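Keep the sequence and the structure open while you work through them.

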Amino acid sequence: MSGLLLGAHMSISGRVSNALDAAAAAGSNAVQVFTKNNRQWGGPPVDPGDATRWHEQMPALGVEYAVSHATYLINLASPKDDLWARSIGGQKDELRRAQAYGIPHVVLHPGAYTESSEEVGIARVSAALNRLHAELPECADTLTLLELTAGQGTSLGHSFGQLAAIIAGVEDKSRVGVCVDTCHALAAGYDFRTAEGYAAMMEEIEATIGLPTVKCWHFNDSKFDVGSHKDRHTHIGEGFVGLAGFRHILNDLAWDGIGMLLETPKDADGDGNDARNLATLAGLVDDPARVPLGLRQ
Ligand SMILES: [Zn+2]
Ligand SMILES: [Zn+2]
């Protein structure tokens, strides 16, 4: 498929497949979901009826790409053996749920090394991924996407080099990818607001993880400026990323067919802000033929 895959994180209130209806109502052709409560380790088993509805409605509603986001509790970098083991179990549960819905990617924060060190933390994440890959051969087509982070505290994943170091320790590299969050990238120090800065970031991606490793984007503007290491999302064009930053990514054909998902604040009804942010993004695309049908102005 060519062209842009644009959408937003949508609520799964009621049932997971309701997110597809929300994505279609917003005119988008991509969606991100939690496949269970994002602040809990476990959840009820996948409802087979809902999974069937997902499989039927996704093509029917014109949603071409879906990604899930893992629970925030998971910390594969933890030096504590009990939390580490629980985190491996948590990510296994996330991969199994995604697979039941046919969702190919699960975005995961790499984790925080807390009282250990960057080096030890990186090794812990790689080892955890190797273990869960070995224990979950049936989910080989469901990838864990390590998210680029803002680099708050001891959080890992705030540079492409650090993500590459984690991936270097993973035996089956076909089972991992990367999700780049625009707010986190700016906060981590990547200034892609200028053409030169964007080109430099692209060169760094190529030199570290490689372009094909990037499997999705989170499109969020940032309340704080470049290098702040603070993770606060805001509406597209209303933060320090600004329209220029998004324009560079949206008009780079390298990202055709790679999902771009908003995680910007919702309004009281849950969708007015998404419509506005998606329209803003669509308006930045030079070639209207690359804009999803439902978002063409
Ligand atoms: Zn995230
Ligand atoms: Zn964030």
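**Exercise 1.** Find how close the axes of helix α3 (residues 81-101) and α4 come and at what angle they cross.

*Solution.* Step 1: helices (H or I, at least four residues) and strands (E, at least two) are DSSP runs, numbered from the N terminus. Axes are lines fitted to C-alpha atoms, for helices over the stretch in contact, and angles run from 0 to 180 degrees between N-to-C directions. The α3 and α4 axes come within 10 Å, crossing at roughly 50°.

Step 1: angles under 35 degrees count as roughly parallel, over 145 as roughly antiparallel, 65 to 115 as roughly perpendicular and the rest as oblique. Therefore α3 and α4 are oblique to each other.

Step 2: two residues are in contact if their C-beta atoms, placed from the backbone, lie within 7 Å. On the α3 side we find W84, S87, I88, Q91 and K92, which meet R124, A128, R131, L132 and E135 in α4. These contact residues divide into four nonpolar, two polar and four charged (Ala, Val, Leu, Ile, Met, Phe, Trp, Tyr, Cys and Pro count as nonpolar, Asp, Glu, Lys and Arg as charged, and the others, Gly among them, as polar).

A note on the source: this is a predicted model, where local features need pLDDT of at least 70, side-chain atom pairs count only at pLDDT 80 or more, and totals for chains, interfaces and linings use all residues. Residues are numbered from 1 along each chain as its sequence is written, while chains are lettered from A and ligands numbered from 1 in the order in which they are written.

**Exercise 2.** Describe how helix α4 (residues 118-135) and helix α5 (residues 160-168) pack.

*Solution.* Step 1: their axes lie 8 Å apart, at an angle of about 50°. That makes α4 oblique to α5.

Step 1: I122, V125 and S126 of α4 meet Q162, A165 and I166 of α5. Four of the contact residues are nonpolar, two are polar and none is charged.

**Exercise 3.** Check the span of helix α2 (residues 48-60).

*Solution.* Step 1: the expected span is 1.5 Å times one less than the number of residues. Step 2: with 13 residues, α2 should span 18 Å, and its end C-alpha atoms are 18 Å apart, which agrees. Step 3: look just after α2, where G62 takes a positive phi of about 75°.

**Exercise 4.** Which strands form the closed barrel?

*Solution.* Step 1: the eight strands run β1-β2-β3-β4-β5-β6-β7-β10, with parallel pairing (two strands pair if DSSP finds at least two bridges between them). Step 2: the twist from one strand to the next averages 30°. Step 3: β1 (residues 5-9) and β10 (residues 259-262) run parallel, joined by four bridges. A8 has L262 in β10 as its bridge partner.
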